[in-house]
Each structure stands twice: as structure tokens, then as C-alpha cells.
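Good morning, everyone, and thank you for making the time.

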Amino acid sequence: MTRRSNLGDLISAEGPTITWPSDWAPTIRQLVTTTSAGLGQPTNLDSASIEEVLTCPGWWVGQREVDEIGGIPGGLQLHLSRRVARSWLAENLTSAPSVRPLTFAGQALERIARTEGIVGRSLRNMSAAALTELRSELAMMLATLDADWPNRVELEHFLPSGVSTRTRLGRVTLNSDLVDATVGQARQSGDVIEAGATLVSLTLSAPTLTRLEGLGISALLHGLRTGCPPARIVSWNLSTGTGIAGTVDESFVAMWLGRVCEATRRISEIQSWFEPRLHGGEHCQICPMFDMCPSADRSEYAW
Ligand code: SF4
């Protein structure tokens, strides 16, 4: 794990060489497809839902009901920050930016405000003062991104997104839309493939190990699409210009495969009307079932 305050340095930092067998992806496909055969209904899994069901099955059930009501995952500010940053990276891929960040942010917000859906509607309902403030914040973020990643126009393999955001394996669909840039690629070396890609996730949260490890499903999706997991993952805070990076090795991939298979098994029990045992704890405070759950841990609220 590496912490630095320059995104370019985090991406280009030297790491150990990790190799994978050339049949890695088909083997993993087969494993997850077989595990998902126990599911009664097709099921979506992402890193958040895996965390929920492995922590407390009741949390997973309650969160599904909330998700159905809809909303902007992660909030409007994060959604817009990532969306505008991705466009900025895409439009300034091979050369220095031709328009200033403030102009770009204003044009991007105008475009998004003309779209249908909750994001466009939220922007149209904002006051002029709030829009001006938002535009300035986004512009500052883009300027910081350029300053923190000055060498990106020299990169050979660069994609302003992940290579895959979802894949269906039997009855389970793995989802993750956390990757905002993919840098580098794997190399075939005899019977093995040498990992070479770095996945970059832009956030507005503190760069913590938990956030970095949350990129596990993105790493699996990258591996399933390209035939080889990435070499590194990076979580980068757009507002503070700080980040954290780690190596994707065998133990990390095995941990996430284990989590996917165990989450699938537990959900299949819930779908079979198996009465799940609830696990109260600190997490109850962010569970949507907190007010009505008899097993909720209310020790923090004992006033
Ligand atoms: S309140 Fe706590 S124990 Fe109850 S379902 Fe939620 S996480 Fe589980």
C-alpha cells in the first residue's frame, strides 16, 4: 500500500511483477457461474451489497428496498465530479487542455442540465448562486487533477473509464462503476500473462484502505474482460488531491472471489426463505432497518 499526494506518481510507482495463468478468466467464470446456480432469482452484486450481506443479511434486504426507491448513488456532488472529470480526461487525452477548467465545467453542467432524469432535474432546480459555486468547485478540481497528473498525455494505453462495468455469470451479475481511468495493459509472457494495468477511482472521500479494497469487484471485472487482473489499484480524492494505491496480488483476488461466492451462498439462503440470523453492530447506525429492527445495536443511543 502506498500513500502519496501526486496521482501521476501513484500510477507510475514500481510494484512487484504479478503473473496469472492464461486460463485464469475461464476458470473464474466457471467457478462463479457454478456457485450462482443456487440462487432462486437473478441477483446483482457490487462491493457495497457484498459488504452488506456478509455483515448482516437484514441490512442487505433493507438496502434493496431503499435502492428500489431510487436516488443518485453516492450523491449528486460525487456523481457530477466523476462525470465531469471523466469528460475532462477524455477530451484532453493526447494534448494539453484547450479550454480553461472554469469554461469546461460550465459547459459540462449546461449539457448535463439539459438531460432527462434525476441528475438533470437536480441541476435545473438549483439556484444560480449554488450553480456558480458548484461550477467553481468542479473547475478547481479539474485544475488540481491536471497538476497532480501532468504526465498522462504521454501514456500509451489510457482509457477514461473501466474496461467493463458489469458481467453476467450464471444467475449473478457483478457490477462496479468505480473506475474512472485505466492505464497500461497486461503482457503475454510464455504460458503466463503479466499484469500491467492500473485502475484509478476518483472519489471525494478520504483515501483509506477500505475504499481501496472496495475496488475488488472492479479488479475482477477487468480480469474477466481482458483475461488478466490489473496490476494495481488507485483511489484518488479529487477535492484534497491525495490518494492511496495497492498491488492486486493473488491473495487480494482470492479474497474477493471468496466474498463473491459466500455472498452468493447467503443470498440464495435468503431467497429460499431461510430465516437469516441478524448481526447487530456499529453498522446498524447506517442500516435502513435500524428503527424497526429488534436486533439493532442501540448502545450508542442509550441516553
Ligand atoms: S439494524 Fe443491524 S441487526 Fe438489524 S438488520 Fe440492520 S444491520 Fe442487521
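I will go from the domains to the core, then to some strands and a helix, and finish with the ligand and a loop.

Before anything else, please keep in mind that this is a predicted model, and that the values I give are computed from it.

Let me begin with the overall division of the chain, which falls into domain 1 (2–71 + 156–271) and domain 2 (76–154). The C-alpha centres of domain 1 and domain 2 lie 26 Å apart, and where the two domains meet, 14 residues of domain 1 are in contact with 17 residues of domain 2. On the side of domain 1 that touches domain 2, the elements that contribute two or more residues are helix H1 (7–12) and strand E10 (198–203). Sorted by class, that side of domain 1 has seven nonpolar, six polar and one charged residues.

Next comes the core. Which residues in the largest nonpolar core touch the most other members? That core has 62 residues, and the ones in question are Ala-85, Leu-142, Leu-199, Val-200, Ala-219 and Val-234. Both domains take part, since at least three residues of this core are drawn from each of domain 1 and domain 2.

If we set aside its neighbours within four places in sequence, Val-234 is in contact with Leu-10, Ile-11, Thr-198, Leu-199, Val-200, Ser-201, Gly-243 and Ala-245. Val-234 points from strand E11 in one direction together with Arg-232 and Trp-236, while Ile-233, Ser-235 and Asn-237 point the other way, and all of these are buried. Strand E11, residues 232–237, is therefore described as mostly covered, with a residue counting as buried if 20 or more other C-beta atoms lie within 10 Å of its own.

What pairs with strand E11? E10 and E11 pair in the parallel sense over six bridges, and one of these links Ser-201 to its partner Ser-235 in E11. E11 is also joined by six bridges to strand E12, residues 242–247, but here the strands run antiparallel, and Ser-235 stands opposite Ile-244 in E12. The hairpin of E11 and E12 has four residues between the strands, and in it Gly-241 takes a positive phi near 65 degrees.

Just after H10, Gly-227 takes a positive phi of about 95 degrees.

Arg-166 has Asn-175 in E6 as its bridge partner.

Now to the ligand, which has 15 residues around it, and of these Cys-56, Gly-58, Cys-284, Cys-287 and Cys-293 come nearest.

Finally, consider Met-126, which sits in the loop between helix H7 (118–124) and helix H8 (128–148). Why is Met-126 called partly exposed? The reason is that Met-126 has 15 other C-beta atoms within 10 Å, and a residue is exposed with 12 or fewer but buried with 20 or more.

Thank you, and I am happy to take questions.

Terms used: Residues are numbered from 1 along each chain as its sequence is written. This is a predicted model: local features need pLDDT of at least 70, side-chain atom pairs count only at pLDDT 80 or more; totals for chains, interfaces and linings use all residues. A residue is near a molecule or strand if its C-beta atom, placed from the backbone, lies within 6 Å of it. A nonpolar core is a set of buried Ala, Val, Leu, Ile, Met, Phe, Trp, Tyr and Cys residues joined through C-beta atoms within 7 Å. Domain bounds come from an automatic or database domain assignment. Two residues are in contact if their C-beta atoms, placed from the backbone, lie within 7 Å. Ala, Val, Leu, Ile, Met, Phe, Trp, Tyr, Cys and Pro count as nonpolar, Asp, Glu, Lys and Arg as charged, and the others, Gly among them, as polar. Two strands pair if DSSP finds at least two bridges between them.
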